[in-house]
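Here's a quick briefing to read alongside the sequence and the model. Have a look at the fold first, then go through the points below.

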Amino acid sequence: MGHLVPVLELGKRLATHHGLEVTILVVTTHSSPAESQLLDPSTAPKHLRILQLPPVDISSLVNPDTKIVTLLAIIMRQARPSLRSALSAMEHPPAMFIVDLFGSEAFEIANEFNMSKYVFVTSTAWFTALTIYCHVLDKEVEGEYVDQNEPLRLPGCKPVRPEDVVDPMLDRTNQDYYEYIRIGVEYSLSDGILMNTWEDLEGTSLKALRDHKIMRSIVKVPVYPIGPLTKPVEPAGPNSELLEWLDKQPSESVIYVSFGSGGTLSAEQTIELAWGLELSQQRFVWVLRPPIEGHGGSSFFTSGSGPDGTPDCLPDGFLTRTHNVGVVVRLWAPQVKILSHPSVGGFLSHCGWNSTLESLSNGVPMIAWPLYAEQKMNATMLEEELGVAVKLKVLPTKKVVRREEIEEMVTIVMESNKHGRKEMKERAKELKNSGKNALSKGGSSYKSMCEVINKDCQLRLESHKLQALQQ
Ligand code: UDP
């Protein structure tokens, strides 16, 4: 979801704001109901076509230990024949080919069809810099990154703390690490790198990617911040009771708790979170997933429920004790609708980049509870650079976060008289406005998108002239 959402928004903007004909080619192994809803071709605007390629069967190529970046790389490699067929079947082959951040495996197809090629990083400029620079770190740093005593230096950018490195950098012997390095190297083979960020949000990292001598010599291609591209407010759905409940709550009094489309907590952590929320005495909406040991994935509630309907994974009687102040939603909620509701005043989030942008776009301060991917970097940036979040003291991957800490963080973010809340709220509001301005006509991200399109037209003109001369 974290990739589909911004890719779809990019497609919509190119079609509706920039007058292009856009086809989104979707490569998957299977689609969840939420994904299918998002990709429903009947909801696409004029000039945007969504084409789902046949699902890829990778069962014989992976094992239960295969990690996510490797999985995605295998999926992309296996999808290349159907990508080729889809492009061949088009009446007019496209001029520009934009791949998702894990899609550079398809660049060779862009070359075959004489298309210019771009990568769209659905995350930050800081993450982009780390990805591109990782092959240099690979030569400079000895031992595992997480064991380093000093932060990892990224020319011109904020250094990355060893404990914040992205998941594929956690084990340098794993194939995931090599795939990640390869991806970073391939970005520089593109005609440009698009990112879901904007000038005012990440000025330092963007400047480094463009101007820093060392970084520039590695990046080689132009970078284009075109965000924040976020999911629009969801259409009315089956959650009207939840929204009616929100309508009755005082302004900015509710904390929204969700760990994205894939985040799960352990059984012990789920209990501590429940107690932390209850002890804080704040109003809440919690999107609850069944706990699993370890990381990632999502499953369904298989356990029974207590007499008051409290799921077994929560403390006995939790729903009864909190029914005046909280709502537990199972598995999935209309997140943008919730974050844009005037009763919502805080967001306890796993810091997936889309959730982060959705929070910022609504001026909502956050509790940063990173779980996987690049979320630890996002959490650090939100707290230390942007000043819109409080971050967990100890990462949940290392230790169970105790109820007292959760209670304290919820209170900081939600209680207006506590030190910090006011400042975070003001910063979040400023960023909401600066993101809106960036996207509006004449704004930095709007102009950036125009630049890509103009440059691309120029490139094509030159290539046609060259072809004509050669003939
Ligand atoms: N989302 C949602 N309802 C949920 C959980 C997630 O609508 O209950 C959406 C959320 O609005 C966001 C996306 O799923 O657009 C999650 O993307 P993100 O990058 O935050 O995290 P990921 O799921 O990729 O880890």
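Which residue in β10 does V257 stand opposite? V257 faces L348 there. Keep in mind that this is a predicted model. The strand pairing makes a handy way in, so let's start with the sheet.

**The sheet**
- β7 (residues 254-258) and β10 (residues 344-349) run in the parallel sense, paired over five bridges.
- They belong to an open sheet of six strands with parallel pairing, ordered β9-β8-β7-β10-β11-β12.
- β9 (326-330) and β12 (389-391) sit at the edges with a single partner strand each, so one side of each has no neighbour in the sheet.
- On average, neighbouring strands here are turned by 15° against each other, ignoring direction.
- Helix α14 (residues 375-385) packs on the sheet, where α14 touches β11 (366-368) and β12, and its direction makes about 125° with that of β12.

**The nonpolar core**
- The largest nonpolar core counts 121 residues, and A129, L194 and I367 touch the most other members.
- Helix α5 (residues 125-140) is the top contributor to this core, giving eight residues.
- Leaving out residues up to four places away in sequence, I367 touches G346, L348, A389, V390, M409, V410 and V413.

**Around the ligand**
- The ligand is surrounded by 18 residues, with G2, G260, S261, G352 and S355 the closest.
- α13 gives the most, with four residues.
- By class, the shell has nine polar, seven nonpolar and two charged residues.

Conventions:
Residues are numbered from 1 along each chain as its sequence is written. This is a predicted model: local features need pLDDT of at least 70, side-chain atom pairs count only at pLDDT 80 or more; totals for chains, interfaces and linings use all residues. A residue is near a molecule or strand if its C-beta atom, placed from the backbone, lies within 6 Å of it. Helices (H or I, at least four residues) and strands (E, at least two) are DSSP runs, numbered from the N terminus. Ala, Val, Leu, Ile, Met, Phe, Trp, Tyr, Cys and Pro count as nonpolar, Asp, Glu, Lys and Arg as charged, and the others, Gly among them, as polar. A nonpolar core is a set of buried Ala, Val, Leu, Ile, Met, Phe, Trp, Tyr and Cys residues joined through C-beta atoms within 7 Å. A residue is buried if 20 or more other C-beta atoms lie within 10 Å of its own, exposed if 12 or fewer, and partly exposed in between; C-beta atoms are placed from the backbone. Two residues are in contact if their C-beta atoms, placed from the backbone, lie within 7 Å. Two strands pair if DSSP finds at least two bridges between them. Axes are lines fitted to C-alpha atoms, for helices over the stretch in contact, and angles run from 0 to 180 degrees between N-to-C directions.
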